[in-house]
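Open your viewer and keep the selection tool ready. This tour tells you what to pick next and what is there.

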Amino acid sequence: MKNHYYVTTPIYYVNDKPHIGSAYTTIAADALARAHRLRGVPTFFLTGTDENSQKNLEAAEKAGATDLQTYLDFMAEIWKNTWRELGISYDDFIRTTEERHHKGVERFWRAVEKSGDIYKADYERDYCVGCEEFKTPSELMDGKCPLHPNRPLQKVKEENYFFRASAYKENLLQLFRDKPEFIQPVSRYNEIKSYVERAYEDFSISREAKKLACGIAVPGDESQRIYVWFDALINYMTAVGYGTDDELFKKWWPATLHLVGKDIIKFHCALWPAMIMSAAKSDALLQAADGSPLLPERVFAHGFFTIEGYKISKSLGNAVDPLELAKTFPFDAVRYFLLREIPFGEDGDFSLARLEDRYSSDLGNRLGNLVNRVIAMSAKYFDGKVPNVDAASASQAFADTEWTGASGLAALWQIIEDKIQAARLDHMLEAIWSAQGASLTTANKLVEQTQPFKLIKQDPEKTAAVLYALLEACRQFAWMVEPVMPHVAEGILIQLGQDAASERSKGLEVLKAWGGLKPGTELRPGTVLFPPLEKV
RNA sequence: CGCGGGAUAGAGCAGUUGGCAGCUCGCCAGGCCCAUAACCUGGAGGUCGCCGGUUCAAAUCCGGCUCCCGCAACCA
């Protein structure tokens with residue numbers, strides 16, 4: 001595996017502002033990117049917008065925009081701003097109307113063409129005169145348009161370019177056998193594998209330009225435009241220089257992880273690798289040293305969630321605006337909630353009651369309260385400073401409790417590394433909160449079992465050891481949650497008298513080591529990390 | 001037989017090498033008082049959808065059934 005981490009989100013349609021669903025994907029990618037950066041892995045995090053879709057044109061007209069490009073520019077800014085406000089640390093934001101994308105798409109198309117995998121054929125579709133639009137088979141009821149059942153559908157034939165995907169059926173199945181981790185979770189693996197086995201056919205990859213007002217022209221044939229999915233997938237390459245900067249491309253490609261919603265897993269797992277296999281035949285830039293195609297390493301499909309039990313839908317008007325949510329909750333709390341509450345890869349439900357529940361219980365009562373009580377006691381009993389004790393002995397002073405000290409935290413770090421590798425941030429967070437040995441739960445128990453608030457009157461030396469252990473644990477907890485809650489982590493570190501930026505530069509291996517908190521460090525107690533919610 | 005997912009305590013969920021059924025919230029009782037009315041302990045509450053099979057042992061593997069839910073070529 002290459003020593004880099006290149007993670008992507010889907011590129012989003014800009015026919016509306018971001019809602020909580022697209023924020024979910026982007027937050028997950030952001031947390032994974034932050035986790036890898038913290039580990040010193042060269043990381044590239046890409047998101048962007050899909051601007052060559054007919055849908056955008058319709059949205060622009062509906063919004064009364066003077067022209068399409070103005071509308072696209074306006075919407076792209078809205079998306080960028082939303083991500084900025086939510087603390088999304090993307091390294092690049094690609095728009096598929098950009099010149100660099102067009103150049104890369106052209107190069108890719110030419111490569112596939114040179115490989116002999118593009119051909120022309122007639123393509124027949126159903127056209128409803130009532131709706132004045134083409135209908136897909138899935139939109140039909142009993143072979144008729146559900147809105148105009150008494151008007152017969154017209155069969156409209158059009159000559160399009162096709163991609164000879166079927167030629168790669170065996171290669172795909174081989175890929176699935178050799179690298180089962182390519183498609184995750186496993187439930188999706190089975191779905192895609194059986195789809196390719198039984199129903200894998202060539203894809204139509206262009207439309208007549210006169211019927212499609214937007215999109216990239218087919219190289220060498222101005223009368224046709226490239227079908228939006230064929231161009232969209234290539235964004236993962238054009239953003240890192242394919243078609244414009246070979247050196248940059250070599251640095252980042254292949255992608256480590258494509259994070260997608262379950263609805264578009266098919267395009268990413270069945271179409272995209274076949275496209276690359278074809279293009280790689282004729283473009284050495286897409287070949288590994290042994291000549292094999294450079295395919296993305298992994299595609300992970302997360303589930304969808306409902307809002308209070310209902311599907312996210314515009315007609316219901318229940319699409320939650322993440323920026324609105326950020327006015328009520330610290331956005332770190334929303335990030336925590338989404339990544340913790342919904343099993344990654346499965347469907348879930350977004351409910352305000354559950355969010356409040358997690359906020360006050362997990363964050364306020366366990367994490368926030370632990371930090372607060374431990375720092376308050378230390379400051380009170382030890383002159384506002386980290387107690388002056390030997391770190392090594394402080395880690396082993398509590399053999400009679402559940403708390404396992406330095407070795408327990410080391411074990412917890414190992415779980416965290418495994419979960420990050422598997423992209424299971426929900427499991428990672430669960431472990432930080434309730435793993436046996438060392439976790440937020442056992443740390444709170446340690447306070448009860450040792451009762452430093454009483455112990456201080458009898459045995460100040462042992463109290464110092466207890467509080468040092470708890471303070472040091474808080475420091476490590478801060479770095480554990482940092483990828484998911486960067487602001488919260490910094491808030492904890494500040495109270496512990498740490499400078500987050502200079503600490504970070506030491507590298508995670510140093511930060512993980514027991515004893516990073518120096519005795520005598522000035523504490524800064526007082527800040528409440530998770531203020532109680534106003535009762536409404 | 002189109003493909004696939006789910007069914008575990010009042011609610012929401014964990015539980016992928018088969019080994020005494022767990023977590024969070026809520027509820028009841030107690031402890032503590034450092035802390036954000038927070039923390040800790042104990043308790044009540046489950047035929048792990050139904051039927052059958054494999055096994056010393058199945059929520060976990062196999063077969064059948066019931067009920068929900070997605071997807072089914074142009075739709076993040």
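**Before you start.** This is a predicted model: local features need pLDDT of at least 70, side-chain atom pairs count only at pLDDT 80 or more, and totals for chains, interfaces and linings use all residues. Residues are numbered from 1 along each chain as its sequence is written, chains are lettered from A and ligands numbered from 1 in the order in which they are written, and side-chain values use heavy atoms, with hydrogens and water left out.

**Stop 1: two domains.** Select residues 5–322 of chain A; this is domain 1. Now colour 356–512, which is domain 2. These bounds come from an automatic or database domain assignment. How many residues does each domain give to the contact? Domain 1 gives eleven residues, and domain 2 gives 17 residues. Contact here means heavy atoms within 4.5 Å.

**Stop 2: the interface.** The area buried between domain 1 and domain 2 is about 1200 Å². Carbon and sulfur atoms give 66% of that area. Buried area is the accessible area (1.4 Å probe) that two parts lose on being put together, summed over both. Show Arg34, Leu38 and Arg39 in domain 1. They lose the most area to domain 2, together 52% of what that side buries.

**Stop 3: the bridge across.** Select Arg39 and Glu417; they form a salt bridge. The closest N and O atoms are 2.7 Å apart. The rule is a side-chain nitrogen of Lys or Arg within 4 Å of a carboxyl oxygen of Asp or Glu. It finds one salt bridge across the interface of domain 1 and domain 2. Next, pick helix 1 (residues 20–38). Seven residues from this helix make up the largest share of the side of domain 1 that touches domain 2. Helices (H or I, at least four residues) and strands (E, at least two) are DSSP runs, numbered from the N terminus.

**Stop 4: inside helix 1.** Select Arg34 again, together with Asp30. Their side chains meet in a salt bridge (2.8 Å, N to O). Arg34 and Asp30 are separated by about one helical turn because they are four residues apart in helix 1. The whole structure holds 29 salt bridges.

**Stop 5: an aromatic pair.** Show Tyr12 and Trp83. Their ring centres are 6.0 Å apart, with 55° between the planes, so the pair counts as tilted. Rings of Phe, Tyr and Trp (its six-membered ring) pair if their centres lie within 6.5 Å; planes under 30 degrees apart count as stacked, over 60 as edge-to-face and the rest as tilted. Tyr12 sits in strand 1 (residues 5–13) and Trp83 in helix 3 (residues 68–85), 71 residues apart.

**Stop 6: Arg100.** Go to helix 4 (residues 99–114) and find Arg100. Which side chain does Arg100 join in a polar contact of 2.8 Å? It is that of Asp92. A polar contact is a pair of N or O atoms within 3.5 Å; within protein, one must be able to donate a hydrogen and the other to accept it, and residues adjacent in sequence count only if both atoms are side-chain atoms. The side chain of Arg100 also reaches the backbone oxygen of Phe93 at 3.3 Å.

**Stop 7: a cis bond.** Select Trp253 and Pro254; a cis peptide bond joins them, with omega about 5°. Pro254 is in the loop between helix 9 (246–252) and strand 12 (257–261).
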